[in-house]
Amino acid sequence: MNDTLWHVEQFERHRTRLRAVAYRMLGSVSEADDAVQEVWLRLNRSSDGEIENVAGWLTTVVGRVCIDMLRARQARREDLVGTWLPEPIVSVEPTADPEQQSLIAESVGLALLVVLETLTPAERLAFVLHDMFAVPFEEIGPVIDRSPEAARQLASRARRRVRGAPTVPDPDLTRQRDVVAAFLAAARGGDFDALIAVLDPDVVFRVDSGRRGAPAPALLTGADAVAQRAAAQGPRFAKLCRPALVNGAAGIVVLGARGPIAVAGMAVVDGRIAEIDLILDPDKLRHAGDAGREPSAPMDVPRRP
């Protein structure tokens, strides 16, 4: 087998896992695809004799690429307006495809990705690779130029941050949907009291508008403030809202004439909405209409007949 065919075969075998790692590291579908594309380019420049453990090599490369991208993002963050939120994985319609159902069910929730964003790049990599993908610390250490013990400490520190986050969504998806449906009904009617009934007293409402100006405060806290906002805006916009799965949890997609114009991820805790993450950044909505599908291979990857 020549190098090109070997590269294609190995890349195709591991591509889905690499993309999953990259999305959890970057919280962005488009950036995850860029990272995987870079992994392919580096693999294509190598020869099969240079790589003994293909899976380990690919994981190392995607980890280093993601760390570089996270550091570059931090340097650009001051250009953004308001809150930064992850790029959502959205499914508007139910699907009978078992593979799509599995992808949706295994999505990382927006609430967790928001917490991961508070970690350093090295902490995030150690946590993602070890706790989510069972990569041993002996393999993680070289990726971040640390000893295995140091990588273990980074993952432990990250784990404490994640466990210390106040939002642990209810696991019952049907219950989540019922709560989100009650929120939508109350918003459509501008019913302040009904909104208060489905909101956690300490609810957090974040808005990511990207580089454009936010139409409202980028952060609201407390049921009164969030209910007032929803009651005022709901009668106008709620008619465009549709229930959706957002990163595997109940949420909302706002549909305009040309497709999604907003996505709201919601964290339902103890039967009430504890977090609302509203994504208005058009750059993060490009995949909202077809998320859940298996991505095609990067365009530069040759396909076998």
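Modeller: Two strands are said to pair if DSSP finds at least two bridges between them. The model discussed here is predicted, so local features need pLDDT of at least 70, side-chain atom pairs count only at pLDDT 80 or more, and totals for chains, interfaces and linings use all residues. Residues are numbered from 1 along each chain as its sequence is written, and side-chain values use heavy atoms, with hydrogens and water left out.

Colleague: What makes strand E2 and E3 a pair?

Modeller: Three bridges join strand E2 (residues 199-208) to E3, and the definition asks for at least two. The two strands therefore count as paired, and they run antiparallel. Strands here are DSSP runs of E with at least two residues, while helices are runs of H or I with at least four, both numbered from the N terminus.

Colleague: Why is strand E3 called an edge strand?

Modeller: Strand E3 (219-221) pairs on one side only, as does strand E1 (90-91). The open sheet has seven strands in the order E1-E4-E5-E6-E7-E2-E3.

Colleague: Why are H6 and H8 called roughly perpendicular?

Modeller: The axes of helix H6 (residues 121-133) and helix H8 (residues 148-163) cross at roughly 90 degrees and come within 8 Å. Angles of 65 to 115 degrees count as roughly perpendicular, under 35 as roughly parallel, over 145 as roughly antiparallel, and the rest as oblique. H6 and H8 are therefore roughly perpendicular to each other.

Colleague: What makes the link between aspartate 131 and arginine 159 a salt bridge?

Modeller: The closest N and O atoms of aspartate 131 and arginine 159 are 2.7 Å apart. A salt bridge is a side-chain nitrogen of Lys or Arg within 4 Å of a carboxyl oxygen of Asp or Glu, so this link qualifies. Aspartate 131 belongs to helix H6 and arginine 159 to helix H8, 28 residues apart.

Colleague: How do you know whether arginine 159 is buried or exposed?

Modeller: Buried means under 20% relative accessible area, exposed over 50%, and partly exposed in between (1.4 Å probe, protein chains only). Arginine 159 has 18%, so this residue is buried. Aspartate 131, with 32%, is partly exposed.

Colleague: What is arginine 13 called by that definition, buried or exposed?

Modeller: Arginine 13 has a relative accessible area of 56% and is therefore exposed. This residue forms a salt bridge with glutamate 9, with the closest N and O atoms 3.7 Å apart. Glutamate 9, at 21% relative accessibility, counts as partly exposed.

Terms used:
Axes fitted to C-alpha atoms, helices over the stretch in contact; angles between N-to-C directions.
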